Amino acid sequence: MTADHLDEPSRTLDENTAMYGGILMDTRPWLYADVAADALRRLARCTDETDVEGWTYPGDGYRVVGHLVTLMQRIPELLDDVDYLIAGHDQQIEAIGATDTRAELIALYADITQAQTAARATTAALGRVHARLGLLKEKPAHAELEPKPEPPDAPSIPAHRAPDSHPLDKISI
């Protein structure tokens, strides 16, 4: 992406124009998809590092996954838009290398539906990850040094429910 079109005198910022990373963008959808893909690439590289500002605590993961949930929620709608785009021009479309364009379009629509289902399942799975991350927090530094006394009337954990065992571990097949 370049900023060559910034020099065009007829270009002005209006309600259909936005500035992302110093690049003037209008309503050309591929520009936004390119920026989103680049942002995810950069996110993946950034989170590979262990000493990155803003990637230290469970809350940082919670925040990132929350944004990923939002991103995934948009995918089915965007795929709907692709479906409508193609359906609106299906009489002018020819499938390259195919003998039956209609069959290719039917397969495309089925693939879009399948991708939407997968995106919804991914959104749900990310939502569960997000919820579990919300239960985690960083222990205070002094908590490791001082053992917590058990409350006087705290029930003991039965051996079969000890944290290092799982009920399914006892099942033999």
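Modeller: Buried means under 20% relative accessible area, exposed means over 50%, and partly exposed is in between (1.4 Å probe, protein chains only). In this protein chain of 173 residues, 16% count as buried. Bear in mind that this is a predicted model, where local features need pLDDT of at least 70, side-chain atom pairs count only at pLDDT 80 or more, and totals for chains, interfaces and linings use all residues. Residues are numbered from 1 along each chain as its sequence is written, and side-chain values use heavy atoms, with hydrogens and water left out.

Biologist: How far apart are the end C-alpha atoms of α3, and what span should its residues give?

Modeller: The expected span is 1.5 Å times one less than the number of residues. With 33 residues, α3 should span 48 Å, and its end C-alpha atoms are 47 Å apart, which agrees. At the start of this helix, a side-chain oxygen of D100 comes within 3.2 Å of the backbone nitrogen of R102. That is a polar contact, meaning a pair of N or O atoms within 3.5 Å; within protein, one must be able to donate a hydrogen and the other to accept it, and residues adjacent in sequence count only if both atoms are side-chain atoms.

Biologist: What do the buried residues of α3 pack against?

Modeller: An α-helix has 3.6 residues a turn, so residues three or four places apart point the same way. In α3 the buried residues include I112, Q116, A119, T123, L126, H130 and L133, and the buried residues of this helix pack against α2. Contact here means heavy atoms within 4.5 Å. Leaving aside neighbours within four places in sequence, L126 is in contact with V65, L68, V69 and M72. With that exclusion, H130 touches Y62, V65, G66 and V69. H130 counts as buried because its relative accessibility is 19%.

Biologist: Which residues make up the largest nonpolar core?

Modeller: In soluble globular proteins, nonpolar side chains tend to be buried together. A nonpolar core is a set of buried Ala, Val, Leu, Ile, Met, Phe, Trp, Tyr and Cys residues joined through side-chain atoms within 4.5 Å. The largest one here has six: V65, V69, M72, A119, L126 and L133. The elements giving two or more residues to this core are α2 (58–87) and α3.

Biologist: Is D60 buried or exposed?

Modeller: D60 has 10% relative accessibility, so this residue counts as buried. D60 belongs to helix α2. Its side chain reaches two backbone nitrogens, that of T56 at 2.6 Å and that of Y57 at 2.8 Å. Not counting residues up to four places away in sequence, D60 touches G54 and W55.

Biologist: And what is the relative accessible area of A87?

Modeller: A87, also in helix α2, is partly exposed, with a value of 34%. The C-alpha atoms of A87 and Y109 are separated by 9.2 Å, and these two residues are 22 apart along the chain.

Technical notes. Helix = DSSP H or I, 4+ residues; strand = E, 2+ residues; numbered from the N terminus.
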